[in-house]
Amino acid sequence: MDFLPIFVNIKHRNCLVVGGGEVAARKIALLLRAGAHITIIAPELCTELSEQLREQLPRGAITHRAEAFRPDHMGDAVLVIAATGDPVVNREVSEAAGQLHIPVNVVDNPALCSFIMPSIVDRSPVLVAVSSGGASPVLARLLRARLETMIPAAYGRLAAYAAGFRERVKSHFSHPGKRRIFWEKALQGPFAEMVFAGRDRAAQDYLERSLESEADEAVQGEVYLVGAGPGDPELLTFRAMRLMQQADVVVYDRLVSPEILDMVRRDASRIYAGKERSKHVMPQESINELLVRLAKEGKRVLRLKGGDPFIFGRGGEEIETLAGQGIPFQVVPGITAASGAASYAGIPLTHRDYAQSCIFVTGHLKDGSVNLDWLMLARPNQTIVIYMGLLGLPVLCRQLIAHGLSATTPAAIVQQASTRNQRVLTGTLETLPDLTETAHLTPPTLIIVGEVVKLHQRLAWFEPEGDLRAGEPAASKKV
Ligand SMILES: C[S@@+](CC[C@H](N)C(=O)[O-])C[C@H]1O[C@@H](n2cnc3c(N)ncnc32)[C@H](O)[C@@H]1O
């Protein structure tokens, strides 16, 4: 982060605005909404500010000094804004504030600012602030416009209601976890809808009744086994997103991308469970026991796994242990690497002209060997997707050829599918092992074998880091 997002209380505190034009007027309007006392330093005021000064409410909130700026104007200001349009004066203001360690914002000059003003969505007391760190104010404004349409206007009233009920709820539930669950239900359920619809009396009755019907007992823990997909956060399901916001603790694997982990509730504890080939940070049995222990402590545990938890994910083993211990759980499917890699590489897994079936296999067996049903795999008109196959690739290709597939059968390897580091290398069963050897791929990688691979040339649409085809140098295309 280039800036720390904070909300500052400036109620009844003095703020200095240097400049009397329209830009200054906009900043002053905002400071007034936050309850500040404002001193304007400007030889002249624009019409808007002059009117504002004449009609100001509350009285005395704005003082105007028709003078040129001097450093001693800083006085006891807690915040300074320079909006003069004169670069020399703006610099003087910034330096004077800097010397006194007073936060200063110089309009349209991030280099002279110690704080920047975000775009805001105001549903007071709820405020959403959006900033691009000065990189693209227009982008921040566009995002703000989208948020405006998504956040109901009555959110402020909802928050005010919650504030009025907070102490009652606090004294009703001694367990903080139970309190949070009560509010999560209330703020997403019929109570919120009634407030949005302006049915305030009904909303209040409903909240009273809900509170009375909820006993103050220990929270029953549960586990959410959630598939995080192949990497692109946009491939998460709605349910995954919702549970990610509810969890108290997240136990995650190496394949869960940092962008996705970042979307989990901020104050949920994070436990890394590892799972790198032959470098398992935590043995599977310990993970199973950990989930049970956390749930028994009353926690809502998010078990976040790459791809789909039920496809080469050992999700079955984890919930078997939970089921055995009577711990409630739910499973949320994710987009498995095969679907993610195929879509993002432009390789349909089935196609009426080339493949009528598709088979998923793992190229890495428990004992480290590669020992598959080669005859079943080496069938015509079938696509084979191989997970965890990078190390065994030469053996895999040799065996498929030995069991009847042509050496010229198209084959591809997809690195870090759906992420900015995606690379696709295509060749044949004969050439792919050597091509891979020199390409220095970074796991995870997925292998796709079959005639459908030919379609990649025409259907590739996502090529963030360049696309490697047999015999071609790496292109460097950026999206
Ligand atoms: C233990 S398996 C987990 C599979 C996961 N449960 C799924 O449904 O995708 C790990 C293997 O999945 C494949 N994989 C997972 N994510 C991938 C990605 N983004 N790109 C390519 N392969 C991926 C790789 O073959 C990796 O070795």
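In this predicted model, Glu22, Ala24, Ala25, Ile28, Ala29 and Leu32 in α1 meet Glu48, Leu49 and Gln52 in α2, where contact means heavy atoms within 4.5 Å. Helices (H or I, at least four residues) and strands (E, at least two) are DSSP runs, numbered from the N terminus. The axes of α1 and helix α2 (residues 47-54) come within 8 Å and cross at roughly 35°; axes here are lines fitted to C-alpha atoms, for helices over the stretch in contact, and angles run from 0 to 180 degrees between N-to-C directions. By class, the α1 and α2 contact has six nonpolar, one polar and two charged residues. Ala, Val, Leu, Ile, Met, Phe, Trp, Tyr, Cys and Pro count as nonpolar, Asp, Glu, Lys and Arg as charged, and the others, Gly among them, as polar.

Residues are numbered from 1 along each chain as its sequence is written. The model is predicted, with local features needing pLDDT of at least 70, side-chain atom pairs counting only at pLDDT 80 or more, and totals for chains, interfaces and linings using all residues, while side-chain values use heavy atoms, with hydrogens and water left out.

Helix α1 also takes part in a pocket. The second largest pocket holds about 1,100 Å³ of space, and the elements giving two or more residues to its lining are α1 (22-33), β6 (119-123) and β7 (126-130). On a 1 Å grid over the protein atoms alone, a pocket is an open set of points with protein on both sides within 12 Å along at least five of seven lines, and lining residues have an atom within 4 Å of a point. Grid points are joined across faces, edges and corners, and a volume is the space filled by probe spheres set on the points. The second largest pocket has 30 lining residues, of which Ile6, Phe7, Val8, Ile116 and Pro118 lie nearest its centre. Its lining consists of 21 nonpolar, five polar and four charged residues.

The loop between β6 and β7 contains Pro125, and the peptide bond from Ser124 to Pro125 is cis, with omega near 5°. Another cis bond, also with omega near 5°, runs from Pro443 to Pro444; Pro444 is in the loop between α16 (432-439) and β17 (445-449). Asn381 has a positive phi, near 55°, and sits in the loop between α14 (374-377) and β14 (382-387). Most residues other than glycine have a negative phi, and most peptide bonds are trans.

Two further helix pairs remain. Helix α5 (residues 155-172) and helix α8 (residues 200-213) have axes that come within 12 Å and cross at roughly 25°, so α5 is roughly parallel to α8 (angles under 35 degrees count as roughly parallel, over 145 as roughly antiparallel, 65 to 115 as roughly perpendicular and the rest as oblique). Residues in this contact include Tyr161 and Phe165 of α5 and Leu207 and Leu211 of α8. The contact of α5 with α8 has five nonpolar, two polar and four charged residues.

Helix α11 (residues 284-296) packs against helix α12 (residues 315-324) at an angle of about 45°, with axes 9 Å apart, and the two are therefore oblique to each other. Among the contact residues are Ile287 and Leu291 of α11 and Thr321 and Leu322 of α12. The contact of α11 with α12 comprises four nonpolar, three polar and two charged residues.

Definitions and conventions. 1 Å grid on protein atoms, 1.4 Å probe; cavity = no way out; pocket = protein on both sides within 12 Å on 5 of 7 lines; lining within 4 Å.
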